[in-house]
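Here is a short tour of strands and helices in one protein model. Keep the structure open as you read.

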Amino acid sequence: MANEEDDPIIQEIDVFLARSLLEKLYLFQYPIRPASMTYDDVTHLSAKIKPKQQKVELEMAIDTLNPNYCRSKGEQIALNVDGTCTDETSTYSSKLMDKQTFCSSQAASNVSRYAAAVYKKGELHLTPLHGILQLRPSFTYLDKADAKHREREAANEGGDSSQDEAEDDVKQITVRFSRPETEQARQRRVQSYEFLQKRQAEEHWVHLHYYGLKDSRSEHERQYLFSQGHGLAENTELIKSPSEYLMMLMPPSIEEENDKPMAPSNVLSMAQLRTLPLADQIKILMKNVKVMPFANLMSLLGSGTDSTAVLRCVQQVALLVQGNWVVKSDVLYPKDTSSPHSGVPAEVLCRGRDFVMWKFTQDRWVVRKEVAAVTKLCPEDVKDFLEHMSVARINKGWEFMLPYDEDFVKKHPDIVQRQHMLWMGIQAKLEKVYNLLKEHLAPKKQEAQSAHPLLVSGEQRVSMAKAKAKQNYGQLEKEFQRQKAEMKSNDTLAKMDVPNIRIKEEPVGADEPMDTSAFEGLNNGLVNGLHTAEGSPEPVNGHLPGGCIDRVAQELKAFVSSTFKKQFVLTLSELKRLFNLHLASLPPGHTLFSGISDKMLQDMVLDTGCKQILVPFPPQTAASPDELKVYALWEAGDTYDQHRQVLLEIFSRNYRVRRNVIQSQLSQECGEDLNKQEVDRVLKDCCVSYGGMWYLKGTVQS
């Protein structure tokens, strides 16, 4: 109150908004000139403008009689630009620099807060500005002088050449035809700086008439700076409450839209967000979050929001995937935009992202290579699509980031059905665009015959799995009964023929015991995911015949030895995978089909001269137990055995190591300086590089 008393109101001024020159009024900012040479003394010779670019070019006469003007310098500049000859193309016809060109540039990208004000008879009239342009001197005449200088030099050099010399200069040239331009190359060319400059240069100049300060036309135009009518109907914008008027005079300071990150916390606070219409609130939230359950969306919109209205609005900007709402592709990639990575237009990006969303309606997992192969987009664009709605899992693919929202599906079956129809239409479009194979779509069409084809609840999945297990159990039971019957019939025939069989008895020495304990665990039923094949040696009382055991051990040892001589380092998981591939290539009835346990496989690895490397994996590793067991060939019988052993000792103490550390340790332990080729050979045998670090094969956790 004390401050208000010290600063009393002296006068109240009425403010009027003039609209006659709306979107036509520009503010020109001229460079500073000496006080003895003001712009009132300067004559504008010509003016032109490019309206779309808001670019202005003014040609202004210079007062050569002013005492501040250096005549000798003006003559020198004119001579450099035009030379000694004078014609119509000369820039300075008076052989004196008597004019100067000014080009404009935008002083501010957002001029909505600026206005031109005129005060007259106790009234303040405001006209909003359409643009603020800064005028700077243009030195294109120097470029012209350089061009003419080069032409004169070229003419002097070529003037003495004869016709014979011209014939001697004939050279063979190669004609090349350019390839047809691809869509991606065209988009990159359109986004290039050179192309944009060319487009700007193609816009034609619009020549203007300049009227002086005291011209009658200028006086007439200045009258438009005043409000044409003082009635309330003409100035409804200024009829505001005190708080609104204060907000108009001093709006909150915010950064330019181009400089703000696209996130709700940085664009708008929650209080500001809730001042927007409901549709805009939902669009902003979905555009930034990208994937959201309906319950979370309702909590962000605040209490009292009508869920029916939210459902109606969210369907305009998002699609339903596994019970969750995922923002539509055309919201993230508006029309006339392109990819920041490859320059691909928004239409192609939307199709590719729709394909990824559609894949997640079919399954929780998506393989990145499959998406890239179908969409033909660059890896960066495909990675962006997947990061919007999924999480990468090591050695598995990309999993949808949110769990299936069963509650929403049960509460809103009509929305689910409507979204299903939308996805059917999107699937039909994707089929035509990407030529999707019919056999790939057939399983999905069979599922479409169910009540909820694209959205299957957890209970339904469990019941389907139980039914499938019962069906498989029945088939296995029938197969087991059939084999059992065949075995009984064979035993009966064997008993009938026993009296007719004479067994030759041979003494067994005390120093030659029959060893069956080493591989008595061979026949353990279902091993490594494989069933015992038909035609394989039948076990007797749970054990294989002695000769069969030896053959199995030999075959297994041969496989392990050959595999480690090629790979040198393998995890148990990778070894089992290679072994299963090896079994798949064998003919039916092979001895290895008798069943190999994990323990027998690991024992055979150790028997072939390999050692287990206890790699110190990080505590937060997501690797399986089989991936944590690392085996390496300790002696291969070549000159690099010692180097590999030193390298394996390093990785028994470190999970990942830099190359310079490995090279220095090898040189120190082996007592010699290894060249790059030798170090590369050892690293290639045992390690892989990832992110500038070296890991043992199979241990990278990305």
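How many bridges join strand 10 to strand 12? Two bridges join them, and the two strands run antiparallel. This is a predicted model: local features need pLDDT of at least 70, side-chain atom pairs count only at pLDDT 80 or more, and totals for chains, interfaces and linings use all residues. Residues are numbered from 1 along each chain as its sequence is written, and side-chain values use heavy atoms, with hydrogens and water left out.

**The open sheet**

Helices (H or I, at least four residues) and strands (E, at least two) are DSSP runs, numbered from the N terminus. Two strands pair if DSSP finds at least two bridges between them. Strands of a sheet pair through backbone hydrogen bonds, either parallel or antiparallel.

Three strands form an open sheet in the order 10-12-11, with antiparallel pairing. Strand 10 (291-292) and strand 11 (318-321) are at the edges; each has a single partner strand, so one side of each lacks a neighbour in the sheet. Met292 has Trp325 of strand 12 as its bridge partner.

Helix 19 lies across strand 11 and strand 12. It runs at about 100° to strand 11. Such angles run from 0 to 180 degrees between N-to-C directions, with axes fitted to C-alpha atoms, for helices over the stretch in contact (heavy atoms within 4.5 Å). Val433 is found in helix 19 (residues 413-434). Val433 and Thr375 are 58 residues apart in sequence, yet their C-alpha atoms are 9.3 Å apart in space.

Strand 7 covers residues 123-128. Its pairings are listed here.

| Partner of strand 7 | Bridges | Direction |
|---|---|---|
| Strand 1 (residues 14-17) | Four bridges | parallel |
| Strand 6 (residues 115-120) | Six bridges | antiparallel |

Val15 has Leu124 of strand 7 as its bridge partner. Ala116 stands opposite Thr127. Two residues lie between the strands in the hairpin of strand 6 and strand 7, where Lys121 takes a positive phi near 55°.

**Helix 23**

Helix 23 (residues 572-584) has 13 residues. At 1.5 Å a residue they should span 18 Å, and the end C-alpha atoms are 18 Å apart, which agrees. The expected span is 1.5 Å times one less than the number of residues.

Which residues of helix 23 are buried (under 20% relative accessible area, with a 1.4 Å probe and protein chains only)? They are Leu572, Leu575, Lys576, Leu578, Phe579 and Leu583. These cover an arc of only 165° around the axis, which puts them on the same side of helix 23. The arc is that of the directions from the helix axis to the C-beta atoms.

Methods
Buried means under 20% relative accessible area, exposed over 50%, partly exposed in between (1.4 Å probe, protein chains only).
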